[in-house]
Amino acid sequence: MEAVIAIAIGVVFGAGIWLVLRPRSFQVLCGLMLMSYAVNLFIFIVGRLWIDRPPLTPAGSAPDPAALADPLPQALVLTAIVIGFATTALYLVVMIGSRGLTGTDHVDGREPEP
Amino acid sequence: MTPLDHLLLAPVLLPLLCGAVLVPLTEGWHRLKFALGYASVLGMLASALALAALTDGGYWQHGIGVYLAANWAAPFGIALVADRLAALMLLLTALLALAALHFARLRWGRIGVHFHSLFQFLLMGINGAFLTHDLFNLFVFFEVMLAASYGLVLHGYNAERLRASMQYIAINLAASLLFLIGAALIYAAAGTLNMSDLAARMAGLAPGARGLFEIGATVLALAFLIKSAMWPLGFWLPTTYAAASPPVAAMLVLMTKVGAYAILRLWLLLFPQAGFGHDALLWGGMATIVFGAAGMLSSDNAGRLAGYGAVVSSGTLLAVIGYGQATLVAGALYYLAGSTLAIAAFLLLIELIERIRTPHASVLAVTLEAWAVEDKPDEPVGRGVPAAMAFLALSFAACAMVIAGLPPLSGFVAKFSLFHALLNPPQGTIAAAGWTLMALIIGSGLVSVLSMMRFGVRTFWANSGAAPPKLHRSEVLPVLFLLGLSVFMTVEAGSVFAWLDRASEGIHRPQDYIGRVLGQPVVPSPVPQPAAAEAP
């Protein structure tokens with residue numbers, strides 16, 4: 001399970017890096033989003049991978065740390081998702097503004113010399 | 001917890017509340033918006049002064065004030081910690097914000113709708129980053145600061161600012177992802193994100209976990225170094241500074257110092273003896289000095305000149321931190337404060353200097369008119385100040401002296417104290433890296449003099465058509481204020497250094513932080529607790 005998820009995160013992150021290095025701003029945006037998905041998954045699994053362990057104490061039972069998953073990374077990933085979502089949306093707005101103002105979607109704001 | 005402990009929250013809460021109040025105020029209401037923002041910054045200044053007095057006055061044990069948010073005991077909740085270093089940075093932020101906001105009163109603050117609220121949120125993020133004692137919370141405050149800065153860099157919307165913002169936002173989004181990876185790896189290795197708890201657990205880490213921890217710390221450092229523009233991570237900085245409107249650029253100067261602050265704080269806590277990564281900081285910092293100096297020589301535009309000046313100051317700071325000698329830190333802090341104030345003053349001054357040149361003659365103005373979206377504020381009405389040219393030339397010379405480190409202003413005192421510490425190492429012999437660093441600092445000073453004087457000669461002497469520009473009081477005062485602070489730092493160098501020495505001694509004793517933060521008692525509940533928690 002660890003190997004599968006590690007490879008999956010690596011592939012998504014690698015694809016993100018490749019896209020970030022592309023010259024069109026939409027590709028850069030997609031790359032940033034893929035990278036943030038990979039990072040969110042990564043944060044999620046730093047609490048280790050468990051099966052059948054809830055992060056919360058069931059009502060009415062004494063808490064047993066061995067039966068519970070680590071709740072902190074789940075809280076962290078929630079915050080990271082929200083912040084990443086907001087900043088990516090902001091980048092999208094800037095991107096649209098740049099497209100409208102410069103007439104090109106190249107990240108430099110002008111087409112490269114042919 | 002005493003009532004005065006709540007003062008730790010003021011630098012975060014004041015701008016947050018003020019910014020929130022300012023959001024619904026749309027166009028118009030300029031005086032009210034400015035008054036509210038100004039009141040909030042004055043409140044921040046008062047609380048920063050109070051925190052400086054409390055941390056230095058023996059009110060808290062070891063001069064460390066701890067605030068447990070929501071009354072959760074230290075490693076579980078988020079702790080805010082104020083020590084002398086944090087108080088110094090808060091004070092610097094408040095002073096700089098006061099000048100930048102005053103400068104924006106009549107022109108920059110009146111265009112766009114949300115300048116004042118974004119400015120407050122930026123201050124909230126910066127102040128929070130200085131106060132927080134939790135890595136993930138540091139990330140949140142960084143993001144608040146960055147999100148506000150994205151909006152502010154775009155302030156006065158034009159094609160150049162948009163282009164600069166695209167790069168600035170993309171690189172900072174990537175840096176935030178690195179920050180998250182670093183924090184996650186550190187959590188995976190040590191199981192906590194509270195800085196003092198991390199420091200306490202460092203000794204007991206298994207070798208495997210230690211390796212993971214060091215990888216995490218390295219990735220985290222990369223995120224900080226992108227912020228503080230270390231070569232080769234800082235190519236975004238000159239473009240962004242040159243594009244941003246002057247009050248925003250002045251605040252950006254401080255933002256590069258937040259990265260250096262975070263590294264100084266974390267590294268002294270987590271790696272007090274090991275010196276992990278210090279070589280990379282030292283040589284990277286020196287490469288940054290070379291890059292910044294070369295950039296200063298090659299830049300024609302005043303904004304870029306100031307941006308490369310900020311790169312040189314950042315590089316000097318990082319190299320000095322990386323040198324890892326405890327006696328250097330007080331000088332480094334003095335250098336940080338002095339160079340930040342001078343570069344900010346220079347960035348504000350540039351706009352006034354640009355007015356000497358007749359705008360209609362330049363090709364750039366025509367191009368910008370062709371875009372027809374230039375959101376540029378009107379010139380302020382009313383009488384200008386007298387002797388505008390003399391003021392501009394003298395202020396420019398003062399900025400140049402501080403940035404280059406010439407006597408008699410604070411830049412010289414800063415470099416003198418750095419050299420004094422470098423030439424008197426505790427172990428007796430000076431390493432080769434020490435000589436290289438000194439040579440680079442002297443060389444970068446020389447290059448700064450050359451490029452600043454070239455700019456000055458072109459603007460003030462060789463410019464035959466120069467007519468005295470109209471300067472408003474609200475634009476002159478902030479520059480004089482920032483330069484006056486430099487003069488104050490020079491005149492009062494003795495007492496300032498005594499304070500900075502105490503600050504430096506404090507951050508070199510991680511045991512004090514561990515004891516204070518983890519030992520901070522929670523406030524007992526006012527209602528008696530039942531013997532066992534009942535399930536709902």
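Axes are lines fitted to C-alpha atoms, for helices over the stretch in contact, and the angle between two of them runs from 0 to 180 degrees between N-to-C directions. The model shown in these views is predicted.

**View 1. Helices H13 and H19 of chain B pack against each other.** H13(B) covers residues 328-354 and H19(B) covers residues 493-507. Their axes are 8 Å apart and meet at an angle of about 120 degrees. The pair is therefore oblique, and the crossing of H13(B) with H19(B) is right-handed. From H13(B), the residues in contact are B:Val329, B:Ala330, B:Leu333 and B:Tyr334. From H19(B), they are B:Val496, B:Phe497, B:Leu500, B:Asp501, B:Ala503 and B:Ser504. By class, this contact of H13(B) with H19(B) has 8 nonpolar residues, 1 polar and 1 charged.

**View 2. Helix H2 of chain A lies against helix H6 of chain B.** Angles under 35 degrees count as roughly parallel, so H2(A) is roughly parallel to H6(B). H2(A) and H6(B) cross in a left-handed sense. On the chain A side, the residues that meet H6(B) include A:Leu32, A:Met35, A:Ser36, A:Val39 and A:Phe42. On the chain B side, those that meet H2(A) include B:Met166, B:Leu173, B:Leu177 and B:Ile181. The residues of the contact of H2(A) with H6(B) comprise 14 nonpolar, 2 polar and no charged.

**View 3. Chain B contributes 25 residues and chain A 28 residues to the contact between them.** On the side of chain B that touches chain A, helix H5 (135-153) and H6 each supply at least two residues. H6(B) gives the most to this side, with 15 residues. The classes on the side of chain B that touches chain A are 22 nonpolar, 1 polar and 2 charged.

**View 4. Chain A carries the UniProt feature "transmembrane region" at residues 6-21, 28-51 and 71-94, according to an unreviewed entry.** Residues 28-51 of chain A are 75% helix and 0% strand, and the end C-alpha atoms of this stretch are 36 Å apart. Residues 71-94 of chain A are 100% helix and 0% strand, with the end C-alpha atoms 35 Å apart.

**View 5. Chain B contains 20 helices and 2 strands.** Along the principal axes, the C-alpha atoms of chain B fill a box of roughly 80 × 60 × 40 Å.

Note on methods
Residues numbered from 1 in each chain as written. Chains lettered and ligands numbered in written order. Predicted model: local features only at pLDDT ≥ 70, side-chain atom pairs only at ≥ 80, totals over all residues. UniProt positions renumbered as here; feature names shortened; annotations may be inferred. Helix = DSSP H or I, 4+ residues; strand = E, 2+ residues; numbered from the N terminus. Parallel < 35°, antiparallel > 145°, perpendicular 65-115°, else oblique. Left-handed = near helix turned anticlockwise from the far one by under 90°. Contact = placed C-beta atoms within 7 Å. Nonpolar A, V, L, I, M, F, W, Y, C, P; charged D, E, K, R; others polar.
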